[in-house]
Amino acid sequence: MQKSIERIAGDSEGAFYEFPVFRFEGFRLESSGKSASSAYLQAALHAGELPGVVAIDALMPLLEKAEAEGRIKGNITVVPQANPIGRAQYHFGEHQGRFHLGTRTNFNRGFPLLAAPDATLLPDTTLATADQRLKTRLLQLSIGHDIVLDLHCDDEGLAYLYVHASLWPDMADCAAAMGVDAVILWDEDTDGTFEGASIMPYLNVPADVARFDRRVATTVEYRGILDVDGALAGADAEGLYRLLVARGVILDQALPTPGGFTGIVAPLENIDMMPAPRAGAVLYDVKPGDRVAKGARLATIVHAPGEASGRTEVFAPQAGIILTRRSRRIIRAGEDLLKLVGDRKSADARSGTLED
Ligand SMILES: [Zn+2]
């Protein structure tokens, strides 16, 4: 394993950001003569989302053991903390890792959507802002890997994946290996998420180049922001390891082949985001994982405390499963209360890009 340090120039003289990259070199050739699948893993692109960081911390000893035993077949690149800019952002004492304060841009938007999976097509960011330099470098590090995993988390939620429809159901083995609860399928990305930038270029190249049968690109939502926990990290690390074995990156004959995926699979258009009708304090009736019937009360907003008409109730527009909810209980009118994965298409589906 080799460790190197990436350096991203800041927006002023004397300021720069660093993050480590760990590389494991695969050496075994498949019997066909083709190289084994390679993998790229990154965590904390949204810099405060740490379940993936501790999962990678727990995964590294498994990778080092595999390397010591000569079982790493495909190259593996690991970036445990992908966003040193966001990691350093504190605003009035609160960490702000989702948006770049200098540009107000979401760190998981604005990645270049290349016409083909070719790093020479990446834009020159010499005169761009530091967050754009970081995004371009992360994409450059990941391009060319067959497996690209971007580890995030939600507010409060189940463990779930976003997967481009072109990779499903081929990626069912990955979802099973990771042991996630749900998979959300999406179609198009015009906003430039990291996942979108990792898969969309392959839609433009011939099938024998794109190799969708062996390609993996996913945004992994490791539950909620507070689910930074040793036992969960260990279980998630084992899930990542199982995926790498299932896809032939690591050899481990002791590991059984993953079974079929039995969790929820739904298109993005089935998700109801449930905007709050009023601002106030949220009293939830449901939590992630709950199955709800159409018309069930999801939450009550206390907008005028102590007054007879001071409460507004919110009901399920259709039957489904609660995927996520907010971790804070203060809400403004129009902000999303939760994600309900409906059994059918949502009446107010916000079509398009994944919501991470
Ligand atoms: Zn995120």
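This is a predicted model: local features need pLDDT of at least 70, side-chain atom pairs count only at pLDDT 80 or more; totals for chains, interfaces and linings use all residues.

Reader: Which residues does Asp356 touch?

Author: Contact means heavy atoms within 4.5 Å. Not counting residues up to four places away in sequence, Asp356 touches His46, Glu49, Arg98, Asn106, Asn108, Arg109, His152, Cys153, Tyr162, Thr219 and Glu221. For a separation along the chain and in space, take Asp356 and Val245, which are 111 residues apart in sequence and 27 Å apart in space, C-alpha to C-alpha.

Reader: How should I read two helices that pack, and at what angle do helix H1 and helix H7 pack?

Author: Two packed helices are described by the angle between their axes and the distance between the axes. The axes are lines fitted to C-alpha atoms, for helices over the stretch in contact, and the angles run from 0 to 180 degrees between N-to-C directions. Helix H1 (residues 51-68) and helix H7 (residues 230-246) pack at an angle of about 55 degrees, and their axes are 8 Å apart. That makes H1 oblique to H7, since angles under 35 degrees count as roughly parallel, over 145 as roughly antiparallel, 65 to 115 as roughly perpendicular and the rest as oblique.

Reader: Which residues meet where H1 packs on H7?

Author: On the H1 side they are Val54, Ala55, Ala58, Leu59, Leu62 and Leu63, and these meet Ala233, Gly234, Asp236, Ala237, Leu240, Tyr241 and Leu244 in H7. The residues of this contact divide into eleven nonpolar, one polar and one charged, where Ala, Val, Leu, Ile, Met, Phe, Trp, Tyr, Cys and Pro count as nonpolar, Asp, Glu, Lys and Arg as charged, and the others, Gly among them, as polar. Ala233 in particular is buried, with a relative accessible area of 6%, and touches Val54, Ala55 and Ala58, not counting residues up to four places away in sequence.

Reader: How many aromatic pairs are there, and how is such a pair read?

Author: A pair of aromatic rings is described by the distance of the centres and the angle of the planes. Rings of Phe, Tyr and Trp (its six-membered ring) pair if their centres lie within 6.5 Å; planes under 30 degrees apart count as stacked, over 60 as edge-to-face and the rest as tilted. By this rule the count comes to four aromatic pairs. In one of them, the rings of Tyr40 and Phe194 have their centres 6.1 Å apart and their planes at 40 degrees, so the pair is tilted. This pair links distant parts of the chain, with Tyr40 in strand E3 (residues 39-43) and Phe194 in helix H5 (residues 194-199), 154 residues apart. Tyr40 is buried at a relative accessible area of 0%, and Phe194 likewise counts as buried at 0%. Trp168 and Phe261 form an edge-to-face pair, 6.1 Å centre to centre, with 85 degrees between the planes.

Reader: What joins Trp168 and Pro169?

Author: Most residues other than glycine have a negative phi, and most peptide bonds are trans. Here a cis peptide bond joins Trp168 and Pro169, with omega about 10 degrees, and Pro169 has its place in the loop between E11 and H4.

Reader: Which value does phi of Arg223 lie near?

Author: Phi of Arg223 is near 65 degrees, a positive value in a residue other than glycine. Arg223 is found in strand E13 (residues 216-224) and is buried, with a relative accessible area of 16%. Phi of Met274 is also positive, near 55 degrees, and Met274 counts as buried at 10% relative accessibility.

Note on methods
Residues are numbered from 1 along each chain as its sequence is written. Side-chain values use heavy atoms; hydrogens and water are left out. Helices (H or I, at least four residues) and strands (E, at least two) are DSSP runs, numbered from the N terminus. Buried means under 20% relative accessible area, exposed over 50%, partly exposed in between (1.4 Å probe, protein chains only).
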